[in-house]
Amino acid sequence: MRRLLHLYWRFARGITLGVRGLVIDGAGRVFLVKHSYIAGWHLPGGGVETGETLISALTRELREEGNIELSEQPLLFAMYFNRRASRRDHVALYVVRAFHQSAPPQPNSEIVAHGFFALESLPEDTARATRARIAEVLDGRAIAEHW
């Protein structure tokens, strides 16, 4: 299914653009989500729709996936080439420290689990790219070009 969508996007859009948020709470924990359609735990985010800005897409995705509302403008950390998705996909990573979550989100057909995790207690099946982005932001590791 994912390959069919990317084939469609290749002809319909040319380049795809996504956004992810590394949401860090006051205790230094990071917010992760588990999707119904892909294995592992990931940073919340998704595709930028036609006519939508990066910040608008991030705001929408954080609200939809985590019931998270931005309190301040997040920091654009880096842009990555996501060659695993397609040869035309890029992802913007934002660091979010100022937010509020009025209540934990309810699992749904897209997001089956979510939570804030301490760095030393990330779920075993946290995606490789998610672990790499966390290390770049919080441990000062070199920023990769590829997601």
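Partly exposed means a relative accessible area between the buried limit, under 20%, and the exposed limit, over 50%. I keep that in mind for this predicted model.

**Entry 1: leucine 17.** I looked up leucine 17. I found it in strand β1, residues 16–23. Its relative accessibility is 31%, so I log leucine 17 as partly exposed. I then checked the surface around it. Leu17, Leu76 and Met79 make a nonpolar patch of about 240 Å².

**Entry 2: aromatic pairs.** I searched the whole structure and got four aromatic pairs. I took tyrosine 80 with tryptophan 147. Their ring centres are 5.3 Å apart and their planes stand at 80 degrees, so I call this pair edge-to-face. Tyrosine 80 is in strand β6 (75–81), while tryptophan 147 is in the segment after α3 (128–138). The two are 67 residues apart, and the pair links distant parts of the chain. Are tyrosine 80 and tryptophan 147 buried or exposed? I find both buried.

**Entry 3: the phenylalanines.** I went on to phenylalanine 99 and phenylalanine 116. This aromatic pair is stacked, at 5.9 Å centre to centre with 10 degrees between the planes. Phenylalanine 99 lies in strand β8 (99–100) and phenylalanine 116 in strand β9 (111–117), so the pair ties together parts 17 residues apart in sequence. I read 18% relative accessibility for phenylalanine 99, so it counts as buried. I also noted one aromatic cluster formed by Phe31, Phe99 and Phe116.

**Entry 4: back to tryptophan 147.** What sits over the ring of tryptophan 147? I found the charged end of arginine 133 there, 5.1 Å from the ring centre.

Technical notes: Residues are numbered from 1 along each chain as its sequence is written. This is a predicted model: local features need pLDDT of at least 70, side-chain atom pairs count only at pLDDT 80 or more; totals for chains, interfaces and linings use all residues. Side-chain values use heavy atoms; hydrogens and water are left out. Patches are made of residues with over 30% relative accessible area and no salt bridge: like charges are joined within 9 Å, nonpolar side chains (Val, Leu, Ile, Met, Phe, Trp, Tyr) within 5 Å. Accessible areas come from the Shrake-Rupley method with a 1.4 Å probe; for residues, only the protein chains shown count as cover. A salt bridge is a side-chain nitrogen of Lys or Arg within 4 Å of a carboxyl oxygen of Asp or Glu. Helices (H or I, at least four residues) and strands (E, at least two) are DSSP runs, numbered from the N terminus. Buried means under 20% relative accessible area, exposed over 50%, partly exposed in between (1.4 Å probe, protein chains only). Rings of Phe, Tyr and Trp (its six-membered ring) pair if their centres lie within 6.5 Å; planes under 30 degrees apart count as stacked, over 60 as edge-to-face and the rest as tilted. A charge sits over a ring if NZ of Lys or CZ of Arg is within 6 Å of the ring centre and within 35 degrees of the ring normal.
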